[in-house]
Amino acid sequence: MTVKILSITLLLLSVCVCCHSSEDTQVRGPGRIRPCCVCVDKDNMTAEVVGETYREQAARGHCVKAIIFNTKKGQLCADPKAQWVKDLTAKMRKE
């Protein structure tokens, strides 16, 4: 029982670490480094988003398909299939 709980805890921890440190780097062109999401957050983070802009990222190499929002803590890599992401991007496009 204890080993099972430990295994589940480690799995959840690794997912959290991946999603909260989801910015990697990707070189585009000579000397240009751009943030790259390697995993996405599926939880509703609407309250954390600041500003009225977002960026779409295509899946390439180790980078995953994502919608990137700005927050006070930095960039947020969100799942483009999540309903809250669809709602927020639609609202931003209208404004």
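Here is a short chat about the predicted model shown above.

Visitor: Hi! What does the secondary structure of the protein chain come to?
Guide: Two helices and five strands, in a model that is predicted.

Visitor: And which pattern does the chain follow along the sequence?
Guide: Reading along the sequence, you get α-β-β-β-β-β-α.

Visitor: How much of the chain counts as buried?
Guide: The protein chain has 95 residues, and 29% of them count as buried.

Visitor: Okay, let's look at β4. Is it mostly covered or mostly open?
Guide: Mostly covered: five of the six residues in β4 are buried.

Visitor: Which strands does β4 pair with, and in what sense?
Guide: β4 has β3 as a partner, antiparallel, with six bridges. Strand β5, residues 74-78, also runs antiparallel to β4, and five bridges join those two.

Visitor: What stands opposite Val49 in β4?
Guide: That's Thr71.

Visitor: And who is the bridge partner of Ile68 in β5?
Guide: Cys77 is the bridge partner of Ile68 there.

Visitor: How many residues sit between β4 and β5?
Guide: Two, and the two strands form a hairpin.

Visitor: How far is Leu76 from Val40?
Guide: Their C-alpha atoms are separated by 8.1 Å, while along the chain Leu76 and Val40 are 36 residues apart.

Visitor: New topic: charge. Which residues gather in a patch of positive charge on the surface?
Guide: Four lysines do: Lys42, Lys65, Lys81 and Lys86.

Visitor: Where is Lys65?
Guide: Lys65 is in the loop between β3, residues 49-57, and β4, residues 66-71.

Visitor: Why does Lys65 count as exposed?
Guide: Because Lys65 has a relative accessible area of 57%, and exposed means over 50%.

Visitor: Is Asp43 buried or exposed?
Guide: Asp43 counts as exposed, since its relative accessibility is 54%.

Visitor: Last one: how far apart are Asp43 and Val85?
Guide: In sequence they are 42 residues apart, and in space Asp43 and Val85 are 9.7 Å apart, C-alpha to C-alpha.

Methods
Residues are numbered from 1 along each chain as its sequence is written. This is a predicted model: local features need pLDDT of at least 70, side-chain atom pairs count only at pLDDT 80 or more; totals for chains, interfaces and linings use all residues. Side-chain values use heavy atoms; hydrogens and water are left out. Patches are made of residues with over 30% relative accessible area and no salt bridge: like charges are joined within 9 Å, nonpolar side chains (Val, Leu, Ile, Met, Phe, Trp, Tyr) within 5 Å. Accessible areas come from the Shrake-Rupley method with a 1.4 Å probe; for residues, only the protein chains shown count as cover. A salt bridge is a side-chain nitrogen of Lys or Arg within 4 Å of a carboxyl oxygen of Asp or Glu. Lys and Arg count as positive and Asp and Glu as negative; His and the chain ends are not counted. The place of a charge is taken as NZ of Lys, CZ of Arg, CG of Asp or CD of Glu. Helices (H or I, at least four residues) and strands (E, at least two) are DSSP runs, numbered from the N terminus. Buried means under 20% relative accessible area, exposed over 50%, partly exposed in between (1.4 Å probe, protein chains only). Two strands pair if DSSP finds at least two bridges between them.
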